[in-house]
Amino acid sequence: MIESLPFKTQARTVDHLGREQIADCPTAISELWKNAYDAYARSVSLHIFDGEEPVAAIFDDGHGMSYEEFVSRWLVVGTESKYDQNETTEEDRNGLPIRTKQGQKGIGRLSSANLGPLLLLISKRRNCDFVAALLDWRQFENPYLVLSDIEVPVTTFRDRSELEKLLPELFDRLTDNVWGNSDSPRRSERLKQAWATYDAFVQERDQTKNKPSEQIANTIVGATFKLEYLDPWDVWSDDGSASGTALLVSDIHYDLRAQLPSIPADGGVKGIRKTFHATLSAFTDPFVDPVANEVNAIDPDFTYEVKIWASGVGQSIVEEDRGTLSRQVCDELEHVISGNIDEKGRFSGLIKAFGEWREFESGYVVPPPADYTPPSGPTTFVGPFSLYIATYERDRMSSTHTDDDHAKFDALAERYGGFLIFRNGLRVLPYGRLNSDFFEIEERRSRSAGREFWNSRRMFGRIALSREANPNLRDKAGREGFIDNRATKSLKTIVINILKTAARDHFGSSSELRKQELPDIQEANRKARAEEERKVLAKRNRQKFRSRLKRNLPLVAKIVDRLDAESSEFSIDCISDIAAAQSMIDDLGNELRDLRIVGAPSSLGSSEDDFREFRQLYAKAQSILEDMANERKKAIERLNPPKPEELAEKQMQSLAGQLQSRIRQWSKEIASIQDFEAKRISDLLSARHKAFHQTAHPLIEQVKSGRLGLDDALEEMAAIRMRLEYENEDIFQSYINTLELLRENINIELIATEGTADNIELRDQLNRLNQVAQLGITVEILGHELATNEQLIRTGIKRISNDGEQPGLEQIQAGFEALSHQLDFLSPLKLSGPRTRRTISGKNITEYLREFFRTVTETRDIKIEASDQFNAFAVDEQPSRLFPVFINLVNNSAYWLVNSHTVEPKVLLDVVDEHVIVSDNGPGIDALDQDQLFKMFFTRKVSGGRGIGLYLCRMNLLAGGHSIRYATDKKFRLLPGANFVIDFKGASFD
């Protein structure tokens with residue numbers, strides 16, 4: 001007899017297809033996010049709520065489900081998209097283009113069991129009621145239940161407020177799957193027997209475990225889903241999305257709990273968080289760029305987020321952030337490959353190496369391996385796909401990046417490093433996770449890190465493909481990568497070939513480009529590091545100087561006050577007073593010398609006024625001490641002590657004691673530093689002794705196991721030795737050189753300080769010279785343009801005036817004539833003008849100055865006077881060389897006369913003993929500044945001063961054999977302000 005019998009499906013089948021099929025909790029989340037994508041959601045989010053019993057929730061704004069769809073589709077295991085002929089309506093697409101379905105097996109929804117056992121599902125389709133269902137996935141673990149014995153309580157409601165009343169009933173109905181109910185006695189009996197058998201089986205194997213039926217029932221009875229957990233769901237708000245789905249999970253997986261701040265961050269928790277972030281942080285393709293040269297990359301128009309909540313405050317721990325990881329960010333890296341692979345396995349694209357683009361558009365081509373035959377069958381072919389990879393040098397000294405950029409990319413690699421795969425813009429797992437080495441990057445690197453170059457932890461990039469062009473690249477059931485078929489093997493072969501070829505052509509130790517570029521890069525980095533260390537030293541010196549100045553300024557002021565008081569009563573009337581006076585002078589002199597400040601930076605900034613005051617006080621203190629010492633000298637001559645040798649002996653002992661005390665103090669400081677340095681160098685030497693063995697020893701094991709050839713091992717050891725040799729030389733040789741300088745009693749601090757100061761000052765001067773040169777060019781251009789425009793304006797004014805008197809014409813003419821007059825004065829200053837010499841008299845200079853400064857003298861009431869002797873003097877010189885000298889001097893005088901509010905301000909031009917004098921009655925120049933007057937960029941002007949006027953005066957005069965200096969002799973100081981003396985070569989004073 002032949003019977004026809006159906007399959008019987010145990011309830012545990014759902015557990016096999018769901019929780020046990022998915023690799024881990026983060027992978028399950030990505031599957032649920034893909035379900036939201038298939039539902040045409042624009043965004044999806046995971047929220048983890050901290051509390052006595054944490055809850056997780058996944059929200060989306062997709063098209064949602066009606067009651068009928070939930071029953072006929074969600075509750076039917078194995079509904080697969082490729083057999084679904086019902087195309088999503090335009091209304092359900094929410095304005096989005098048609099999407100390629102990510103789900104293949106129809107079991108992705110079951111992965112929610114990985115988040116936690118108790119699930120509350122709420123869904124809303126546009127213009128339909130809400131549908132809600134409650135499940136406990138543990139009920140499906142009972143191997144003695146058939147699938148039809150477990151019923152899912154489902155309800156609908158129209159208003160959000162109804163859910164609170166419906167939840168208790170949903171929980172009651174869910175417990176019926178354990179206890180049964182009176183509505184179905186036969187089902188209740190089956191349930192009772194199945195749970196009794198399962199409880200006995202579990203306790204027979206482990207008596208410490210609770211009965212599964214009681215554990216499940218107690219959890220259901222005690223579980224609560226607060227309605228406030230739904231607040232972040234856009235559908236739940238009054239003006240939010242009209243459709244979407246929410247999954248709320250209780251008794252959540254530890255991977256979810258570990259994300260909460262209430263969980264102590266021990267080593268295990270940190271590892272969980274790192275894996276969680278690595279799996280979900282690049283859920284959509286961050287490297288898509290509409291202007292890139294790729295043809296297979298897709299922007300899915302889909303956002304995602306993971307947010308944790310504690311005490312009502314939310315914090316994002318994973319989110320789409322194109323500002324952190326994107327094509328634009330990674331294009332800044334020094335090594336980049338970007339392009340497309342055709343169906344024959346041929347790569348064409350562009351490549352960047354050591355900071356420079358070497359091939360553009362499709363100029364870089366990598367053919368497939370010589371022994372590769374592209375599969376062409378309908379179930380084996382590999383279609384076109386795109387590739388993007390960016391990376392950087394591990395060793396900072398070999399990198400074209402700055403220290404800051406290198407550190408930035410190190411931090412970025414720590415969180416986002418990896419080589420990923422995206423299909424239709426969504427992440428394919430587990431590619432890119434550290435435990436996945438599908439393209440054997442780490443395996444090849446273990447054989448020869450230098451030659452193979454690539455490092456998964458230091459790579460940013462991905463393969464972009466589509467399901468349409470590559471239908472044969474299909475996921476395993478557990479989302480543990482592609483099924484290992486011929487298409488997958490071909491993809492692997494093609495990509496590995498591109499990685500190896502690019503490393504040998506451009507990046508790895510065997511590439512000619514690397515051999516050419518690396519020495520220059522390392523030399524540039526050494527110079528940059530030296531410059532950076534100079535900056536650090538300069539900063540340290542500035543801080544040290546300012547600290548000393550802040551401390552010493554009030555102390556030197558106190559010494560001046562004491563000296564003023566002591567000097568007013570200072571007298572030596574007898575021989576015994578000589579020793580006391582000498583002791584006092586020595587003590588005060590020692591105190592003053594201890595306050596001395598050396599090594600002032602070239603730019604004092606805000607400390608300039610304080611340092612000026614300090615120098616004045618210090619000079620005053622020295623002057624008082626010098627006066628007191630002179631009084632002592634006179635007293636010795638007057639009193640003529642009978643035993644001067646005794647006073648000298650006493651003074652010698654005193655001074656010797658002071659020196660010895662200071663030497664003992666230095667001795668202690670030196671001993672302390674030497675002890676610290678000795679230990680530091682000893683530890684460093686010990687570490688460097690072990691470095692080679694620690695790095696090279698794993699190669700021996702690889703040779704022994706056959707994973708690495710002998711020749712490759714020897715080559716790698718040589719590379720390691722060379723790298724460590726360079727590092728050791730940088731560390732120890734510079735240290736030895738420094739010690740040798742110390743042994744030869746060379747003052748390293750003085751060299752470093754002065755060299756740093758000179759370097760900074762020279763760089764600053766170079767920048768300013770460039771500015772001045774640019775200003776000179778601008779004057780040349782403006783002079784030409786103004787001369788052209790002058791003619792246009794003059795013609796226009798003449799035409800207007802011919803038409804009769806016009807309102808405002810008189811003011812326009814006056815203003816224009818004034819501008820034209822100033823333009824006339826620019827012409828002799830232009831460097832490109834004629835360089836002919838002519839006789840220039842003092843009278844010529846006086847008239848030129850009075851005309852040039854006519855507006856200033858009239859508005860500011862400044863007088864420019866010239867003596868008969870000055871007007872009578874004459875010299876053969878270029879006007880463009882001579883006139884700017886007097887313009888600068890008079891302009892400086894005018895500035896200080898105005899700003900000091902000098903009464904009856906005046907500038908005098910005169911001659912004393914055949915020396916030309918330019919003098920004013922302003923505030924004059926501080927004695928401390930007189931030595932710097934003619935230095936480039938020295939200025940005391942608060943605004944409008946570049947500090948180049950007096951420098952150019954000196955340079956212009958020197959070019960003609962003349963000279964200028966600031967007047968210090970009284971005979972040249974004609975007025976109480978600033979006085980300058982000019983000596984003209986070959987001048988006539990008749």
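Visitor: What does the accessible surface of the protein come to, and what share of it belongs to carbon and sulfur atoms?

Guide: The structure is a predicted model. Its accessible surface comes to about 53,200 Å², and carbon and sulfur atoms hold 51% of that area.

Visitor: How many helices and strands are there in the protein?

Guide: The protein has 25 helices and 22 strands. Buried residues account for 43% of its 990 residues.

Visitor: Among contacts between residues at least 6 apart in sequence, what percentage join residues at least 24 apart?

Guide: In this protein, 72% of such contacts link residues separated by at least 24 positions.

Visitor: Which residues in the largest nonpolar core touch the most other members?

Guide: That core contains 82 residues, and W33, L46, I122 and L256 touch the most other members. For L256, leaving aside residues up to four places away in sequence, the residues touched are C25, I29, L46, I48, A56, L115 and F276. A second core, separate and made of 40 residues, includes I341, Y364, L499 and L518.

Visitor: Which residues make the nonpolar surface patch of about 430 Å²?

Guide: The patch is formed by L659, I663, W666 and I670. L659 lies in helix 17, which spans residues 644–705.

Visitor: Why does L659 count as exposed?

Guide: The threshold for exposed is over 50% relative accessible area. L659 counts as exposed because its relative accessibility is 58%.

Visitor: What value does phi take at H901, and is H901 buried or exposed?

Guide: Phi of H901 is near 55°, again a positive value in a residue other than glycine. H901 belongs to the loop between helix 24 (879–899) and strand 19 (906–912). H901 counts as exposed because its relative accessibility is 68%.

Key: Residues numbered from 1 in each chain as written. Predicted model: local features only at pLDDT ≥ 70, side-chain atom pairs only at ≥ 80, totals over all residues. Heavy atoms only, no water. Helix = DSSP H or I, 4+ residues; strand = E, 2+ residues; numbered from the N terminus. Buried < 20%, exposed > 50% of the residue type's maximum accessible area, 1.4 Å probe, protein only. Contact = heavy atoms within 4.5 Å. Areas by Shrake-Rupley, 256 points an atom, 1.4 Å probe, with all protein chains shown as cover. Patch = residues over 30% accessible without salt bridge, like charges linked within 9 Å, V, L, I, M, F, W, Y side chains within 5 Å. Salt bridge = Lys/Arg side-chain N within 4 Å of Asp/Glu carboxyl O. Core = buried A, V, L, I, M, F, W, Y, C linked by side-chain atoms within 4.5 Å.
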